[in-house]
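Hello,

Here is the structure I said I would pass on. My notes follow below it.

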Amino acid sequence: MTVAAALLATASGAAHAGAQEGADDRGGAAWSAAPECVTFSADWRYTFVTNNCPDTHTLKVVYRDGTDVPSRVAPPGAMVTFPGHGTTGNAVLGVIACDGGADA
C-alpha cells in the first residue's frame, strides 16, 4: 500500500492520520502514520503541524502529487511549518512519523 493510500484509508479527513505502519514506496524508508496527538492545518501557502504529544516526533507531510519534503523534529508542544498545498490543485493528505533524523 502506498503512503497516500494508507493515509486516505486511515485519515478521518480532519486534523490527523491514523496509526498504520508500512514502508514508503519512494525508497523504502520506514514510516508510520503520525500519532493521533499530532494535528495539522493546511492552506495554500503553509501547513502547520502541531505535536500535542508528550514525546518528540520526527514528522513529514504527505502531498497528493508526491511532493517530497524533508522531515522535521517536533518536540512536545511544538508547531512546525511545511509548505502548503499551493494553488494548482494539490492537497495535503496527512502527516507521517519518520524513523531517522530531521532530514529522513
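Is Asp68 buried or exposed? Asp68 is exposed, at a relative accessible area of 52%; buried means under 20% relative accessible area, exposed over 50%, and partly exposed in between, with a 1.4 Å probe and protein chains only.

Before the rest, two remarks on the source. This is a predicted model, in which local features need pLDDT of at least 70 and side-chain atom pairs count only at pLDDT 80 or more, while totals for chains, interfaces and linings use all residues. Residues are numbered from 1 along each chain as its sequence is written, and side-chain values use heavy atoms, leaving out hydrogens and water.

Asp68 pairs with Lys60 through a salt bridge, 2.7 Å from N to O. The term stands for a side-chain nitrogen of Lys or Arg within 4 Å of a carboxyl oxygen of Asp or Glu. The count by this rule is 1 salt bridge. Lys60 is buried, with a relative accessible area of 8%.

Thr47 lies in strand 4, residues 46-51 (strands are DSSP runs of E, at least two residues, numbered from the N terminus). Thr47 is buried, at 0% relative accessibility. Its side chain reaches the backbone oxygen of Pro83 at 2.9 Å. Not counting residues up to four places away in sequence, Thr47 touches several residues, including Phe40, Val61, Tyr63, Pro83 and Val92; contact means heavy atoms within 4.5 Å.

Leu93 is in strand 8, residues 92-98, and is buried at 15% relative accessibility. The C-alpha atoms of Leu93 and Val61 are 7.6 Å apart, with the two residues 32 apart along the chain.

Regards

Key
Helices (H or I, at least four residues) and strands (E, at least two) are DSSP runs, numbered from the N terminus. A polar contact is a pair of N or O atoms within 3.5 Å; within protein, one must be able to donate a hydrogen and the other to accept it, and residues adjacent in sequence count only if both atoms are side-chain atoms.
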